[in-house]
Amino acid sequence: MSIEDFPAIPKTRALKQENLFNLLQSSNSLRKITQIHTQIVINGFTQKNYLLVKLLYIYISSGYLRNALSVFENIKNPSTTVWNQIVRGHAQSETPEKSVEFFKRMVEADAKPDGYSYSFLLNACARFGLLREGEQVHGRILVNGYCSNVFVQTNLVNLYAVSGGSGSAKSARQVFDEMGERNVVSWNSLLKGYIRCGDLDNALRAFDEMPERNVVSWTTMVAGCAHNGRCKQALSLFRQMRRARVELDQVALLAALSACAELGDLALGRWIHKYVEQTLCFHKQPLLVSLNNALIHMYASCGVIDKGYKIFQSMPERSTVSWTSIITGFAKQGRGEEALRVFQLMLSLGENEARPDEITFLGALSACSHAGFLNEGRNIFNFMTQNLGISPRIEHYGCMVDLLSRAGYLDEALRLIETMPMKPNDAVWGALLGGCRLHKNAELASHVAQKLTVELNPDKAAGYLVLLSNVYAAAKRWLDFAFVRQRMVEIGVRKPAGQSWIQINGVVHDFVAGDTTHKHASLIYEMLDEITRHAQLDGCNLDIADILLYTKEF
């Protein structure tokens, strides 16, 4: 539409303003907004606040903050509602801290802030982590009598909830308790505060007390439980969410998939995948890349990596996490060749697809370690450090030590540990001791043990000493084996019990080594004895070292 094609402007000024206002309401492109803006200037309406508020609102809502600022700076006496639009615009932008600057200018210009001013400003403080400034705004709110405004108070709750400082949830709760009127957004902000500081018990209590819940309430709790390690509770809430017929959004699905991956709940994971295909894809709703990534991770964690690979191949857009998830998934399943093939494909696509990060390289090195690809692992490690300039983390060194140790290059593994720029952790030493056991190198294991003795503490001793005793048992050095076991008794070390689980008919059953509290413990051990007898009949006899390793006291 050109200026010539623009609708005729009525002759009276009031009608002209009304017509331009109506045109702004129906505008849907920058070109149309700019044409209406031009008519506002031509007709001398650049100081008409109610018309300018609408123009600013349209510019800001359409993402054209710079255009809005250009209009604003030419207004001689902006009204409160005009100032509010600029504060709102910056609160929603990449520069929320500028909302504070404009609010100060607003106060200096003697424009009186209202509830919207404070709400927009608090939102900006929350987004940028400006807790001190937010507390100052809180003081102004109390002085100016806006402490009963439900929207202002809800934004105050949100400010403290997302601040993440010590006592943030307590501050959010205090404001919440002072509210005379609450809405579901107020409750959700409180939930967010508890979740953010890891206080799931209070979050669950608040959730149970809510008079009404929406999809955000449920999603907050499902995601909060999943991210804080309470995966069973996360899936229990997810199932309640389904029974309550709440629409499942992609964030809730993503959190539930994360819990499924952790628990190995393949049945529910498959149900979610089917729901995504039949509901979201059917309605042509664009899928978050992170949701597809979660599906890949779930299938990989549940041992169905080929299904995850099909999802990976069908993704219209892939992130670094997508590539890393499938590479790591193949690596964990012992399919090193597939993992490295995908990794090489990622490198060949270059910047057009996604750039590998340190986690991607960790997955590739892990694949080399599991598959015994020594030369490939060395090349990948050198490429990461020399070509891409990525500084190895201790996990990368751990993979290289494990790779070298499994291949029998124990002296080279030890040299790598001794030249690492950081102090080796128990996983690194464990990888070397594992290699010593595999290759029956008790001398090197003894050397390592002497290094560790000085800094050994009961919290980390179990892994080292169990591995060391394994080495001595494999080498049939029984006196050394007995000495290490005695040392373990003296410092009160107990090997953490092994744990596994299996899903039957939708129920996940846990099994813990040495456990006698399971309601079917007698039947379980009876079956284990039966399996052992069958194994022995087939010629699978345990070595004496293995028998000693799995004695009950450890």
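Buried here means under 20% relative accessible area. By that cut-off, 45% of the 554 residues of the chain count as buried. The model is predicted. The chain has 30 helices and two strands. Among contacts with a separation of 6 or more, 60% join residues 24 or more positions apart.

**Helix H23**

- H23 covers residues 394-406.
- Eleven of its 13 residues are buried, so the rest of the structure largely encloses H23.
- The buried residues of H23 are Ile394, His396, Tyr397, Gly398, Cys399, Met400, Val401, Asp402, Leu403, Leu404 and Ser405.
- Their cover includes H21, H22, helix H24 (410-419) and helix H25 (426-438).
- The length fits: at 1.5 Å a residue, H23 should span 18 Å, and its end C-alpha atoms are 18 Å apart.
- Gly408 follows H23 and has a positive phi, near 95 degrees.

**Helix H20**

- H20 runs through residues 336-349, which makes 14 residues.
- Buried residues in H20 are Gly336, Glu338, Ala339, Leu340, Val342, Phe343 and Met346.
- An α-helix has 3.6 residues a turn, so residues three or four places apart point the same way.
- Among the buried residues of H20 are Ala339, Phe343 and Met346.
- Helix H18 (305-314), helix H19 (320-332), helix H21 (358-371) and helix H22 (374-387) are included in what covers the buried residues of H20.
- Just after H20 comes Gly350, with a positive phi of about 60 degrees.

**Packing of H14 against H15**

- Helix H14 (residues 231-243) packs on helix H15 (residues 250-263) at an angle of about 135 degrees.
- Their axes lie 9 Å apart.
- Angles from 65 to 115 degrees count as roughly perpendicular and those over 145 as roughly antiparallel, and H14 and H15 are therefore oblique to each other.
- The crossing of H14 past H15 is left-handed.
- On the H14 side, the contact is made by Cys231, Lys232, Ala234, Leu235, Phe238 and Met241.
- H15 contributes Ala252, Leu253, Ala256, Ala259, Cys260, Glu262 and Leu263.
- By type, the residues of this contact are eleven nonpolar, two charged and no polar.

- Asp110 is not a glycine, yet its phi is positive, near 65 degrees.
- Asp110 sits in the loop between helix H6 (98-108) and helix H7 (115-128).
- Its relative accessibility is 71%, so Asp110 counts as exposed, the cut-off being over 50%.
- Lys440, also not a glycine, has a positive phi of about 55 degrees.
- The loop between H25 and helix H26 (442-453) holds Lys440.

- Cys197 lies in the loop between helix H11 (184-196) and helix H12 (200-209).
- With a relative accessible area of 42%, Cys197 is partly exposed.
- Cys197 and Gly164 are separated by 33 residues in sequence.
- In space, their C-alpha atoms are 6.6 Å apart.

Conventions: Residues numbered from 1 in each chain as written. Predicted model: local features only at pLDDT ≥ 70, side-chain atom pairs only at ≥ 80, totals over all residues. Heavy atoms only, no water. Helix = DSSP H or I, 4+ residues; strand = E, 2+ residues; numbered from the N terminus. Expected span 1.5 Å × (residues − 1). Buried < 20%, exposed > 50% of the residue type's maximum accessible area, 1.4 Å probe, protein only. Contact = heavy atoms within 4.5 Å. Axes fitted to C-alpha atoms, helices over the stretch in contact; angles between N-to-C directions. Parallel < 35°, antiparallel > 145°, perpendicular 65-115°, else oblique. Left-handed = near helix turned anticlockwise from the far one by under 90°. Nonpolar A, V, L, I, M, F, W, Y, C, P; charged D, E, K, R; others polar.
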